[in-house]
Amino acid sequence: MKCRRCGHKASINMRQHKLALCKDHYLEWILSQTERIIGKYKMFTHQDQIVVAVSGGKDSLALWDVLSRLDYNVEGLYIGLGINGGISYSTKSRSYCEEFANLQKSKLNIVEINKELDNTIPELSKQSSRGRGKPCSVCGLTKRHIMNRFAIDKGYDVLVTGHNLDDEVATLFNNTLNWSTGYLQRQSPVLESTHPGLIRKAKPFCRFYERETAAYALLRGIQYIYDECPYAVGAKSIYNKALLNRLEVDRPGAKLSFYLAFLKAKEEGFFTQKGESNINLLNTCPSCGGPTTVIGECAFCRMVTKVNQGNK
Amino acid sequence: MTAKLVLRDQEFEVRHGMTLRHALAQINVSPESVLATRDGELITDDELLQDDDSIKLISVISGGC
């Protein structure tokens, strides 16, 4: 198969775009497409201070690489979860982020959960009633809180994450199966700040297939952690991704069409609920000052309060 | 006369002469879920597998969170 641009041997074939490219043209294509997506969804500008949440995985490190090459002002944030799982998962993840930051000569901020909360994620999970024994719910809640808090406190303009199209479509698929209109309404390439304690968030890779971001990382020589989180075994998101990939094999472009049609439907008001004017109203948590949909403490502070009470 | 496909710690043997795409179908691996390399270079799925080929398959699916 030949590169569409130069006729040399192609490194990757993207059936969804009917496009095959060699290494050099593919790397260029990822950069230009990312810039296009940032502009299309008005994610951020070159004047903004950006923090990218990095996990040591391919998507977040590839995103950091791309944004740096596009001359955005971007620094990294790694959150140490304290997950071992017999493979020193968090220790490895952190070292990949540190190695990448050193090579790039970029700043990596590190927040270790066990220093912030005197507990690792698995320890917090055991003491919390959240998540029925699996740490995933506690992990997600904690990461989102820490990322938001860090970005606001340090004065960044936007927090970006490496969510790719497969992530977005798996979430969309699950929310559609359950017809979770609240979640569907809030799924977007950009989440605006609707509260002084809420950072603006963007997903510049939201239209790239996971295979595309992985190919970028490989071709760029980015070293990343291949191991999955040990708690990810049996995760619904992975199951949904496999289902959607079966569809994609038979109908190239189906995942992208699904996502784009969803965004168009959202724009046209398809997911507007009765009483929708209240959906973006957020209260302020009296403990951390962050946003919350309830009166009183936010979900994160309630969890921490409960854990601390249990320890007395 | 066979080619080898390696995915994590699993090895699969297939007849040489078929395309990578066909080989992936044979071992029940979705082409959407992996990237394939030969001698460290990415290859596309129309590539014909040669005798004694050793193709490394890299899983691209992440998730759980």
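In what order do the six strands of the open sheet in chain A stand? The order is β5-β4-β3-β6-β8-β7, and the pairing is mixed. The model is predicted: local features need pLDDT of at least 70 and side-chain atom pairs count only at pLDDT 80 or more, while totals for chains, interfaces and linings use all residues. Residues are numbered from 1 along each chain as its sequence is written, and chains are lettered from A and ligands numbered from 1 in the order in which they are written.

Strands here are DSSP runs of E with at least two residues, helices are runs of H or I with at least four, and both are numbered from the N terminus. Two strands pair if DSSP finds at least two bridges between them. Strands of a sheet pair through backbone hydrogen bonds, either parallel or antiparallel. At the edges of the chain A sheet are β5 (108–112) and β7 (190–191), each of which pairs on one side only. Strand β7(A) is joined by two bridges to β8 (residues 200–202) of chain A, and these two run antiparallel. A:L191 has A:K201 in β8(A) as its bridge partner.

Helix α2 (residues 58–69) of chain A touches β3 (49–54), β4 (73–80) and β6 (158–160) of chain A, and its direction makes about 155° with that of β3(A). Helix α6 (residues 136–153) of chain A lies across β3, β4, β5 and β6 of chain A and runs at about 140° to β4(A). Such angles run from 0 to 180 degrees between N-to-C directions, and axes are lines fitted to C-alpha atoms, for helices over the stretch in contact. Residues are in contact if their C-beta atoms, placed from the backbone, lie within 7 Å.

Helix α2(A) also meets α9(A): their axes come within 9 Å and cross at roughly 65°. The residues in this contact are A:K58, A:D59, A:L61, A:A62 and A:D65 from α2(A), with A:T213, A:A214, A:Y216, A:A217 and A:R220 from α9(A). By class they are five nonpolar, one polar and four charged. Here Ala, Val, Leu, Ile, Met, Phe, Trp, Tyr, Cys and Pro count as nonpolar, Asp, Glu, Lys and Arg as charged, and the others, Gly among them, as polar.

Helix α9 (residues 210–220) of chain A packs with α1 (residues 23–40) of chain A as well, at an angle of about 125° with the axes 10 Å apart. The two helices are therefore oblique to each other (angles under 35 degrees count as roughly parallel, over 145 as roughly antiparallel, 65 to 115 as roughly perpendicular and the rest as oblique). From α1(A), A:K23, A:Y26, A:L27 and A:I30 meet A:A215, A:Y216, A:L219 and A:R220 of α9(A). That contact has six nonpolar, no polar and two charged residues.

An automatic or database domain assignment gives chain A domain 1 (41–271) and domain 2 (281–312). The contact takes 15 residues from domain 1 and 13 residues from domain 2. On the domain 1 side, α6(A) gives the most, with six residues.

Chain B has 16 residues in contact with 28 residues of chain A. The chain B side divides into seven nonpolar, six polar and three charged. Within chain B, β1 (residues 2–7) and β5 (residues 54–59) run parallel and are joined by four bridges. Strand β3 (residues 34–38) of chain B runs antiparallel to β5(B), with five bridges, and B:T37 stands opposite B:K56.

Conventions:
Contact = placed C-beta atoms within 7 Å.
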